[in-house]
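I opened the model and kept notes as I went. The entries follow the order in which I looked things up.

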Amino acid sequence: MSKVYKTIITAADRFVPGKLRPLWEHEAGPKTVFFWAPAFKWALVLTSIDEFRRPLDKVSTTQAATLSATGFIWTRYCLVIKPINYALSLCNFSLGLANGIQCFRAYSFQKNMAIA
């Protein structure tokens, strides 16, 4: 663990209320990478959801399918590692779902354009 991060955590440790102590001390809590990975990965999920505003002729089905598969594969992995990381699992599932829907929308659009 980096010295700077350890210093920040030690300083913050004094201000954590008793009711939040179990979360703070959890093996997948804010003191570990298991907490920060999903916290930052939500940006990828939000970006994927924002892509719904993009015109369907500009959406890459390959990219959406790849992100969807990645999300669902890592969802499973998050449930078998120790400690089980439910937060990261939910984040990955959301990523897979958002991109799966986007991939379906783009594929349907491209299929309809080919027929027309």
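**Entry 1**

I began with Asp-13, which counts as partly exposed because its relative accessibility is 24%. I use buried for under 20% relative accessible area, exposed for over 50% and partly exposed for in between, with a 1.4 Å probe and protein chains only. I note that this is a predicted model, in which local features need pLDDT of at least 70 and side-chain atom pairs count only at pLDDT 80 or more, while totals for chains, interfaces and linings use all residues. Residues are numbered from 1 along each chain as its sequence is written, and side-chain values use heavy atoms, with hydrogens and water left out.

Which side chain meets Asp-13 in a salt bridge? I found Arg-21, at 2.7 Å from N to O. A salt bridge here is a side-chain nitrogen of Lys or Arg within 4 Å of a carboxyl oxygen of Asp or Glu. Arg-21 is partly exposed, with a relative accessible area of 26%.

I then followed Arg-21 to Glu-25, where a salt bridge has its closest N and O atoms 3.2 Å apart. Both Arg-21 and Glu-25 lie in helix H2, residues 21-25, and they are four residues apart, about one turn of the helix. I take helices (H or I, at least four residues) and strands (E, at least two) as DSSP runs, numbered from the N terminus. Glu-25 is partly exposed at 43% relative accessibility. I also listed the network of salt bridges that links Asp-13, Arg-21, Glu-25 and Lys-31. The structure holds six salt bridges.

**Entry 1: Asp-50**

I moved to helix H3, residues 33-50, where Asp-50 is found. Asp-50 forms a salt bridge with Arg-53, and the closest N and O atoms are 2.8 Å apart.

I looked up Asn-92 in helix H5, residues 86-115. Asn-92 counts as buried because its relative accessibility is 1%. What does Asn-92 contact, leaving aside its neighbours within four places in sequence? I listed Lys-41, Gly-71, Phe-72, Trp-74, Thr-75 and Cys-78. Contact means heavy atoms within 4.5 Å.

Leu-67 and Asn-92 are 25 residues apart in sequence and 9.5 Å apart from C-alpha to C-alpha. Not counting residues up to four places away in sequence, Leu-67 touches Leu-44, Leu-95, Gly-96 and Asn-99.

Ala-65 also lies in helix H4, residues 61-80. Ala-65 is partly exposed, with a relative accessible area of 34%. I recorded 6.3 Å between the C-alpha atoms of Ala-65 and Gly-100, which are 35 residues apart along the chain.

I then checked the loop between H4 and H5, where Pro-83 lies. The peptide bond from Lys-82 to Pro-83 is cis, with omega near -5°.

**Entry 2: the whole chain**

I counted five helices and zero strands in the protein. The radius of gyration is 19 Å, well over the 13 Å that the globule rule gives for 116 residues, so the protein is more spread out than a compact globule. That radius is taken over C-alpha atoms, and the globule rule is 2.2 Å times the number of residues to the power 0.38. Taken along the principal axes, the C-alpha atoms fill a box of roughly 65 × 25 × 25 Å.

How much of the protein is buried? I noted 27% of the 116 residues. Of the contacts between residues at least 6 apart in sequence, 63% join residues at least 24 apart. The protein exposes about 8000 Å², and carbon and sulfur atoms supply 69% of it. Accessible areas come from the Shrake-Rupley method with a 1.4 Å probe; for residues, only the protein chains shown count as cover.
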